[in-house]
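Keep the sequence and the 3D view open while reading.

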Amino acid sequence: MTKCFALLLCLFVLPAAAQEEIRVGVELQPYQPYSDVENGEYRGYARDLLDAFAAEYGYRFVYTPLPVRRLLGDFLSGRVDLKFPDHPQWNADQKAGHDIHYSHPAAPYVDGILVKPQHLGQGQQRIELLGTQNGFTPWPYLPEIRAGEIRLIQANQIDSLLRMASSDRVDAVYLNPKVVAYQLRQMRMAPDSLMFDPELPHVEDHYYLSSIHHPELIEAFNRFLEERAEQVAAIRLRHGL
């Protein structure tokens, strides 16, 4: 009888959000310093940010790492409650008809062209073969790709792309410079082996947290970003963002 009373008391005291698991769909692919999965454990900036939010509001997050394409399908079908990262422009055709709620900006990013140092400032005209990661869309170069002026090569692993660029098997790669810098360190390659060319078209934007069925959770996350701005800034700094 005492045990039953204690259990009922706990359920009454805990916030409603803490009494159910929130399934967070995340990307399986390595993408540090933003995120990766090691031995089944999700980690990186995104994990620290979402854990801090969950602790603040009493949510119980269960992270579900999935391949990029399956992640979208599971999100749209309701098999996961939240998706990170996300962006309103991504897969807009597949998202049509779904009422998706997006958070305020949760993580800044830059995507652009990285080349060997000797090719910096040589312009876009030298790029005929462009490498990028599977699931990536090189938005600034879509007109040239569709016109056949640039040929796109995609690979699952970032380290494969970096080796291709370093050995001139592609003319450039379209990636996130922060992610490339991290990967070069892991590969024990010189940090200036590939360099971001800011003169070429690139994208400066943010990643978002999204949900279809939990708009109240997205609103809570927005409050967390605003009210705990210093804590969020410290997490970004710790991960070099």
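Which residues point one way from β5, and which point the other way? L82, F84 and D86 point one way, while K83 and P85 point the other way, and all are buried. In a regular strand the side chains alternate between the two faces of the sheet. The model is a predicted one.

**Strand β5 and its partners**

β5 is mostly covered, with five of its five residues buried. It pairs with β1 in the parallel sense over three bridges. Within that pairing, L82 of β5 is the bridge partner of V24. β5 also pairs with β12, here in the antiparallel sense and over three bridges. Y208 in β12 is the bridge partner of D86.

**Helix α3**

Helix α3 covers residues 68-77, and its buried residues are L71, L72, D74, F75 and L76. These buried residues pack against β5 (82-86), and also against β1 (21-27), β4 (60-66), α4 (92-95) and β12 (203-211). After α3 comes G78, whose phi is positive, near 90°.

**The protein in overall terms**

The protein has nine helices and 12 strands. Its C-alpha trace spans about 75 × 40 × 30 Å along the principal axes. Of its 241 residues, 45% count as buried. Among contacts between residues at least 6 apart in sequence, 71% join residues at least 24 apart. The accessible surface comes to about 12,700 Å², and 52% of this belongs to carbon and sulfur atoms.

**Charged side chains**

Side chains of opposite charge can pair when their charged atoms come close. A search of the whole structure finds 13 salt bridges, including those in the table.

| Salt bridge | N to O distance |
|---|---|
| E38 and R43 | 2.7 Å |
| D51 and R47 | 2.8 Å |
| E56 and R228 | 2.8 Å |

E56 is partly exposed, with a relative accessible area of 37%, and R228 is partly exposed at 32%. Salt bridges that share partners join D36, E38 and R43 into one network.

D51 and R47 both lie in helix α2 (residues 45-57), four residues apart, about one turn of the helix. Are D51 and R47 buried or partly exposed? D51 has a relative accessible area of 31% and is partly exposed, whereas R47, at 17%, is buried.

Note on methods
Residues are numbered from 1 along each chain as its sequence is written. This is a predicted model: local features need pLDDT of at least 70, side-chain atom pairs count only at pLDDT 80 or more; totals for chains, interfaces and linings use all residues. Side-chain values use heavy atoms; hydrogens and water are left out. Buried means under 20% relative accessible area, exposed over 50%, partly exposed in between (1.4 Å probe, protein chains only). Helices (H or I, at least four residues) and strands (E, at least two) are DSSP runs, numbered from the N terminus. Contact means heavy atoms within 4.5 Å. Accessible areas come from the Shrake-Rupley method with a 1.4 Å probe; for residues, only the protein chains shown count as cover. Two strands pair if DSSP finds at least two bridges between them. A salt bridge is a side-chain nitrogen of Lys or Arg within 4 Å of a carboxyl oxygen of Asp or Glu.
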